Amino acid sequence: MPAKPNPRVGLFVTCLVDAIRPGIGFAAIQLLEEAGCRVEVPQAQTCCGQPALNSGDDKDAADLARRTIAAFEGHDYVVLPSGSCAGTMVHAYPELLAGDPEWAARARDFAARTHEITSFLVDVMGYRPQGRRLDATATYHDSCAGLRELGIAAQPRALLASVEGLEMRGLEGNDVCCGFGGTFCVKYSSISNAIVTEKAEAVERTGADLLLSGDLGCLMNMAGKLHRRGAKTRCFHTIEVVAGRAGGPAIGEEG
Amino acid sequence: MNAPQQGFKERADAELKNAVLKIAIDRTTGNAERKRAVAVAAFPEFQAARARGRAIKDHVIAHLDHYLEMFERNATAAGATVHWASDDAEARAIITRICLEADAKLVTRAKSMLGEEIGLPHALADAGIERVETDLAEHIIQLAGERPSHIVWPAMHRTREQVAILFKEAHHPPPAADDPATMVQSARRELRAKFLGADVGISGANFLVADTGATCTVTNEGNAELTTTPPRIHIVTAGIEKLVPSTAHAFALLRLLVRSATGGEMTQYTTFHCGPKRPGDADGPEEMHIVLVDNGRTRMLADEFRPMLRCIRCGACMNHCVVYRQIGGHAYGGTYPGPMGAVLTPVLDGLAQSRDLPHACTMNGRCAEVCPVEIPLPTLLRAWRTRSWRERLEPRSVRAALGLWAMVARRPWLYRLGSRIGVRALRLFGRRGWIGSLPLAGGWTAYRDLPRPSGRTFMEQYRAGQAGWAGQTGREARK
């Protein structure tokens, strides 16, 4: 779908990026601006509601969906640096609000305007980074919600392929869940640990300098496990590398 | 029926410590995953076949009454007796009555998950009838006094090394060697006399064919044929969702079932049983009874779990499930493990007994991706979570925490304030970028470190830099 010239984009920062790693949000703004977007960060946004949704609390999830939709009413596009939150907005919002005559159509319209950032940059804006260089080896984990709910697989790889000097290495089980699963990782922590241990082992076997992925939740899980195991792998969100920010501290490093 | 004593988490933790179990799971599910991938890649029409499979099941489910009556009519015309069981207790009663009226001493049984679901093994023991499991894996399970841990490979939790030890103790004479071929020969010898001496043979059904009244079993061992042919009486137990309109439809689903389960193109043995022995037949049972079991299925017809009635029991969802592959099947505590079991067990055992199952899932969607009849398993698991929340089965602490969070998340100013305080408080616990231990977050920090927040939220930094915004992004970019 061709984009309007200079579309007005509302950035949904996501709660984890807001609290834990603001640099991902700034990388998003940078890339969107490079792609020719006018970026705004609506101040009425909070959380997409996924914690409520995944806990079965549909009422609170629907309430947060309405508030998020209202916060992004005037934007041509809503863009997020997370496949998981984007999946919630694209698929769950219309379902949660299907029975609400006032909101059902608005939820569908909102879902149609919402995109995860790497797919937005590639598929909608036709963007590729120019003049980025990073001499490193990296491996990529496909976060599940982005992969299966939104079909994100080729887009981040296309962006990363435009970074000169970056050598990508295949990850065994790249499309297998890392064991994060939102509240799953604390509710069933021992099972989550067993899953992320296998993921960390696979990442270590690649021997890559960097582990890249598109969701901060999964990244925190994998980075936290790799660090606990004493691995030297440095973890970044895909768009941090694409924006030329991998020279700064990786997840868990102090700048 | 099969409700275990411990809770899910305790069972899962015990299984996580079992290193041999992990080896066994990885061997079987790893093989299954690889072989399925190859089989699907070699079958270009797989997506179309999947859509057709789903359509066949949906059609039957939508007209279940029509096809049930058609099946009963045709099975009866072929000489079988059709029985209706509304629940597990009724099914057990019907089957034990048939066995007792026939004065049966020895019953052979071909693998059937429905038999497990209705508690048939126990019921036969209680009635004083000797039961011999004829499927190789079920034979192992019976010798070990266990329950199936997988719907296709019931003994997948045991390594062949463990089975060798088991056979050495239980087989008379013990197998001469530990290689699989010798062990299989030993099991054949052990079972052969039982096959020929049984009074009743009990099988399940992979399909019930409405327009012929036949039941269909598929195996790779041929044990179903030896279970259903020599005894005087053949009893079939089947869930009512096993119906298909015709034999052609059974084959359409079989193409999906075999590839999804084992990666094969066809099962070694595919047998249609249509009524008892007829005049002039060389062999076959004198009586054939078909017990059609509801046990919660018509209830599913009417609610959001209806798509689960499409399930053809291939096991692909569990083979591809990260949780199943860590904890195995027994930890689930129900008859059916894995993603499909996490949807079905609350139907069969009640949600209050099994509320952990739909929650113990990362929602990664791989199960739905491989399901040959496109069952939206994560959506159904989420539906159970919604029910669990509505019925107030969630722990009070979870409800309270989520309630507080939702209250804050509805108020952007309060949310901003909370985040600002939160990230500063978090910094107090870490050093050099990482937090190794955090009160109230032990579930995280017991196993992994938590990245220490940088100190100011995105929103703080964004608002501070908004006046000279272009400069800020430029500076950030050059970092």
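In chain A, Val9(A) stands opposite Val39(A), which sits in strand β2(A). Strands here are DSSP runs of E with at least two residues, helices are runs of H or I with at least four, and both are numbered from the N terminus. Two strands count as paired if DSSP finds at least two bridges between them.

Before going on, a word on what you're looking at: this is a predicted model, in which local features need pLDDT of at least 70 and side-chain atom pairs count only at pLDDT 80 or more, while totals for chains, interfaces and linings use all residues. Residues are numbered from 1 along each chain as its sequence is written, and chains are lettered from A and ligands numbered from 1 in the order in which they are written.

The open sheet has 4 strands in the order β2-β1-β3-β4 (chain A), with parallel pairing. Its edges are β2 (38–40) and β4 (114–116) of chain A, each of which pairs on one side only. Neighbouring strands in this sheet are turned against each other by 30° on average, direction ignored. Helix α5(A) packs on the sheet and touches β3 (77–80) and β4 of chain A, and its direction makes about 155° with that of β4(A). For such angles, axes are lines fitted to C-alpha atoms (for helices, over the stretch in contact), and the values run from 0 to 180 degrees between N-to-C directions. Touching, or contact, is about C-beta atoms placed from the backbone: two residues are in contact if theirs lie within 7 Å.

Chain A has another open sheet to look at. This one has 4 strands in the order β6-β5-β7-β8, with parallel pairing. Here β6 (164–169) and β8 (234–237) of chain A are the edge strands, each pairing on one side only. The twist from one strand to the next averages 35°. Follow strand β5 (residues 133–140) of chain A and you'll find that it pairs with β6(A) in the parallel sense over 5 bridges. One spot to look for is Thr137(A), whose bridge partner in β6(A) is Glu167(A). Helix α12(A) packs on this sheet, touching β7 (210–213) and β8 of chain A, and its direction makes about 175° with that of β8(A).

How is chain A divided up? It is split into domain 1 (8–123) and domain 2 (129–243), with bounds that come from an automatic or database domain assignment. The centres of the two domains, taken over C-alpha atoms, are 22 Å apart. Their contact takes 30 residues from domain 1 of chain A and 23 residues from domain 2 of chain A. On the domain 1 side, α1 (15–19), α2 (22–34), α3 (50–54), α5 (83–96) and α7 of chain A each supply at least two residues. Sorted by class, that side has 14 nonpolar, 13 polar and 3 charged residues. The classes work like this: Ala, Val, Leu, Ile, Met, Phe, Trp, Tyr, Cys and Pro count as nonpolar, Asp, Glu, Lys and Arg as charged, and the others, Gly among them, as polar.

Next, take a pair of helices. Helix α7 (residues 117–124) of chain A and helix α9 (residues 154–161) of chain A pack at an angle of about 75°, with their axes 8 Å apart. So α7(A) is roughly perpendicular to α9(A); angles of 65 to 115 degrees get that label, those under 35 count as roughly parallel, those over 145 as roughly antiparallel, and the rest as oblique. Among the residues making the contact are Leu121(A) and Val122(A) of α7(A) and Pro156(A) and Leu159(A) of α9(A).

Then there's the contact between the chains, which takes 63 residues from chain A and 54 residues from chain B. The chain A side divides into 29 nonpolar, 19 polar and 15 charged residues.

In chain B, strand β10 (residues 287–293) is largely enclosed by the rest of the structure, because 6 of its 7 residues are buried. A residue is buried if 20 or more other C-beta atoms, placed from the backbone, lie within 10 Å of its own, exposed if 12 or fewer do, and partly exposed in between. Strand β1 (residues 81–85) of chain B runs parallel to β10(B), joined by 5 bridges, and 7 bridges join β7 (residues 233–239) of chain B to β10(B), also parallel.
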